[in-house]
Amino acid sequence: MTSKITIGVAGSGTMGTGIAIVAARAGFPTIIYDVDQARAENATAQMKAFFAKSVQRGKLTQDQVDEIMSRVKATGDIKAMAPCGLVIEAIFEELEVKGRLFTALDAICGPDTLFASNTSTLSITEIAAKSGRDDRFVGMHFCLPAQLMKLVEMSPGLNTSADSFERAWNICEEMGQRPVKTQDAPGFILNYFLVPFNNDAIRLVEEGVAEPAEIDKAIKEALGYAMGPMELLDLIGLDTQVMLCEALHGVMHEPRASCPPLLRRMVAARRLGRKTKRGFLSYDTAAIFGA
Amino acid sequence: MSHRVIKSGPSRSFPDAHPLIDGAAPEGEILVLAGVGAGEAYAALADKTGYRAILIELGTECLGVHTSESRGDEGSVVLGFARFRLGDAAPSDLVEIVRQPATPTDAVAAARELFEGYGLKTAVCGDFPGRIVDRLVRPYYNAALSRLDARLATAGDMDLTLKLGLGYPEGPIELLERTGLAAHHDVTQALYVALGDPAYAPARRAQVAKSRKFAGL
């Protein structure tokens, strides 16, 4: 039983906030770290707003929410991550930046602390190589929105020990998630398929094949998908999709993974999706998804 | 709103009895040309005037094959349609309505109204190969088959991951097994020819299934 460990989440964006919700909700003391203290605190505000909806919908009581939030700390000081038994990194997809983060964490955390990356496109082995503890490093790719989706793609790097992978797997299950083992391959399973699929949908808009809402309607109705590609892109964030394209295309050289010009134009125009209330579709709120 | 139906051969959109077909009148504001011979039936129409919309059932071809095209300004009350259907599976409730650049808004509205009046769902798209759904899903299915060959994961794990991770009701491998790999081959091959994009080239497993079907195996 590893339920007493503290889980650290490095990065307080959409994914980091969602992972922190999962960890805290499952009973783990949770520390959210961001280089910007205000962003870390904003993540806890987003968590409170999410849990408030859970109360409204009868999924949690206010007492339960108070107890969950009492386990959550936000920090802008990386030294506060020292007590963590597992640190899950959810910062943006740049190998060098992730490497610097893990190098710093390696100097702060104890030798038993497991490191995990929520990367969706980069090689676990390559990130692990920069961590100072590649034998205690795993890939833990949560799905968006993490607070609602059970699946976690778990990948060992080439030097990950069997014991580390098993420990991380068990923690993942204790968090109430459903781990699936994947190869350490570009995009693992989900993004290998999803990033090009979403780019193809953007290209349909670009080429005038159909309007975004019509594409969503067609895909949902024909295939029974819960979300259409355009609304999913808006949820992911169009700036994130650009980074996913660059990361995946950079290693795969797969034409379908290359960034469509329309996507870059929309990011330049700050049409980033739900978080700016306007992407391929329009929204009247930027609140975090689900309850 | 009344409609008339001319059925020319078997229809992939309406293979069996359907209220929209059964509810047709001898004359109507909308003319529905259903079946594999819909395009020929349109060409043979003596009088194409007086309809709010004429709806031609399409296969993998573009509407322009039947209406002709001119300088990007084409468009009339003649639209294309097809109920999305995967291989041998029953048609879905989705009707893709195909318009051209100058198609009048009223004709599109009339087509939507007719199909939705019979409980079907509609999505409007331009006149491009594969319309919306086939254009999007065929490269994805080809990639799934290729990754299976490359042993990215087992077929079961790949399906499970995509179902859990993206909320898909069915993974790509089980879906293709259910609806027919050879049928996928035929659609994606037609798109490959039309678009020239290697992403549509039938994956090896689809080619094998097609060869076996052709050989009667």
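Q: Which residue of S7(A) does A:His141 stand opposite?

A: Strands of a sheet pair through backbone hydrogen bonds, either parallel or antiparallel. In this predicted model, A:His141 stands opposite A:Glu153 in S7(A). Strand S6 (residues 137–142) of chain A pairs with S7(A) in the antiparallel sense over 5 bridges. Two strands pair if DSSP finds at least two bridges between them; strands are DSSP runs (E, at least two residues) and helices are DSSP runs (H or I, at least four), numbered from the N terminus.

Q: In what order do the 8 strands of the open sheet in chain A lie?

A: The order is S3-S2-S1-S4-S5-S6-S7-S8 (chain A), with mixed pairing. At the edges are strand S3 (72–75) and S8 of chain A, each of which pairs on one side only. From one strand to the next the twist averages 25° (axes are lines fitted to C-alpha atoms, for helices over the stretch in contact, and angles run from 0 to 180 degrees between N-to-C directions).

Q: Why is one side of S1 and of S6 in chain B left without a neighbour in the sheet?

A: The open sheet of chain B has 6 strands in the order S1-S2-S3-S4-S5-S6, again under the heading of mixed pairing. Strand S1 (3–7) and strand S6 (121–125) of chain B stand at the edges with a single partner strand each, so one side of each has no neighbour in the sheet. S6(B) runs parallel to strand S5 (residues 94–98) of chain B, joined by 5 bridges, and B:Val124 in S6(B) is the bridge partner of B:Ile97.

Q: How many residues of chain A are in contact with chain B?

A: Two residues are in contact if their C-beta atoms, placed from the backbone, lie within 7 Å. Here 33 residues of chain A are in contact with 34 residues of chain B. Strand S7 (151–156), strand S8 (178–181), helix H7 (190–206) and helix H8 (212–223) of chain A each give two or more residues to the side that touches chain B. H7(A) supplies the largest share, 8 residues. By class, that side of chain A has 21 nonpolar, 4 polar and 8 charged residues (Ala, Val, Leu, Ile, Met, Phe, Trp, Tyr, Cys and Pro count as nonpolar, Asp, Glu, Lys and Arg as charged, and the others, Gly among them, as polar).

Q: Is A:Glu206 buried, exposed or partly exposed, and in which helix is A:Glu206 found?

A: A residue is buried if 20 or more other C-beta atoms lie within 10 Å of its own, exposed if 12 or fewer, and partly exposed in between. A:Glu206, found in helix H7 of chain A, is partly exposed, with 14 other C-beta atoms within 10 Å. Beyond its neighbours within four places in sequence, A:Glu206 is in contact with A:Pro260 and A:Leu262.

Q: How far apart are the domain centres of chain A?

A: Domain bounds come from an automatic or database domain assignment. Chain A is divided into domain 1 (6–181) and domain 2 (192–276), whose C-alpha centres lie 26 Å apart.

Methods. Residues numbered from 1 in each chain as written. Chains lettered and ligands numbered in written order. Predicted model: local features only at pLDDT ≥ 70, side-chain atom pairs only at ≥ 80, totals over all residues.
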